[in-house]
Amino acid sequence: MIAGPDITADLLTTALREAGRTDVCTVAQCDVEYRLGVLQAPMITMIGAAHATAARSSSADGMFLPMATRACAAIRDLDSFALVEAS
């Protein structure tokens, strides 16, 4: 089972604090940063597809298309655009 974003952020911040980091953001801040950061995923995927050094192939398309699809689904599921509209 995959942990939800709140659980993952809480585990990350707890582990960082236990390792002695004092500049750790809160779980809420971590969530906002993740939701904003996921907005870059479609662009990074498309840049990778456009600048791939190998010739275009069906296997490459079979990799990049699901990456773009999943990135867009993550943006929708996390409601990332609501953060942009709110600022």
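Colleague: Leaving aside its neighbours within four places in sequence, which residues is T45 in contact with?
Modeller: This is a predicted model. T45 lies in helix α3. Once the neighbours within four places in sequence are set aside, the residues in contact with T45 are F64, M67 and A68.

Colleague: Is T45 buried or exposed?
Modeller: The relative accessibility of T45 is 6%. Buried means under 20% relative accessible area. T45 therefore counts as buried.

Colleague: Which backbone oxygen lies 2.9 Å from a polar atom of the T45 side chain?
Modeller: T45 is a residue of helix α3. A polar atom of its side chain has a backbone oxygen 2.9 Å away, and that oxygen belongs to A41.

Colleague: Are helices α3 and α4 roughly parallel or antiparallel to each other?
Modeller: Two packed helices are described by the angle between their axes and the distance between the axes. For α3 (residues 41-50) and α4 (residues 58-78), the axes are 8 Å apart and the angle is about 170 degrees. Angles over 145 degrees count as roughly antiparallel. The two helices, α3 and α4, are therefore roughly antiparallel.

Colleague: Which residues make this contact, and how many of them are charged?
Modeller: From α3 come A41, P42, T45, M46, G48 and A49, and from α4 come F64, M67, A68, A71, C72 and I75. By class, the contact of α3 with α4 has 10 nonpolar and 2 polar residues, and the number of charged residues is none.

Colleague: How far apart in space are G48 and F64, C-alpha to C-alpha?
Modeller: G48 lies in helix α3 and is partly exposed, with a relative accessible area of 28%. F64 is among the buried residues of α4. In sequence G48 and F64 are 16 residues apart, and in space their C-alpha atoms are separated by 8.2 Å.

Colleague: What does α4 reach from its first C-alpha to its last, and which residue follows it?
Modeller: With 21 residues, α4 is expected to span 30 Å at 1.5 Å a residue, and its reach of 30 Å is close to that. The residue after α4 has a positive phi, near 55 degrees, and is D79.

Colleague: How far apart in space are V27 and H51, C-alpha to C-alpha?
Modeller: V27 lies in helix α2 and counts as partly exposed, at 27% relative accessibility. V27 and H51 are 24 residues apart in sequence, and their C-alpha separation in space is 36 Å.

Notes. Residues numbered from 1 in each chain as written. Predicted model: local features only at pLDDT ≥ 70, side-chain atom pairs only at ≥ 80, totals over all residues. Heavy atoms only, no water. Axes fitted to C-alpha atoms, helices over the stretch in contact; angles between N-to-C directions. Helix = DSSP H or I, 4+ residues; strand = E, 2+ residues; numbered from the N terminus. Parallel < 35°, antiparallel > 145°, perpendicular 65-115°, else oblique. Contact = heavy atoms within 4.5 Å. Nonpolar A, V, L, I, M, F, W, Y, C, P; charged D, E, K, R; others polar. Buried < 20%, exposed > 50% of the residue type's maximum accessible area, 1.4 Å probe, protein only. Polar contact = N/O pair within 3.5 Å; in protein donor to acceptor, adjacent residues only side chain to side chain. Expected span 1.5 Å × (residues − 1).
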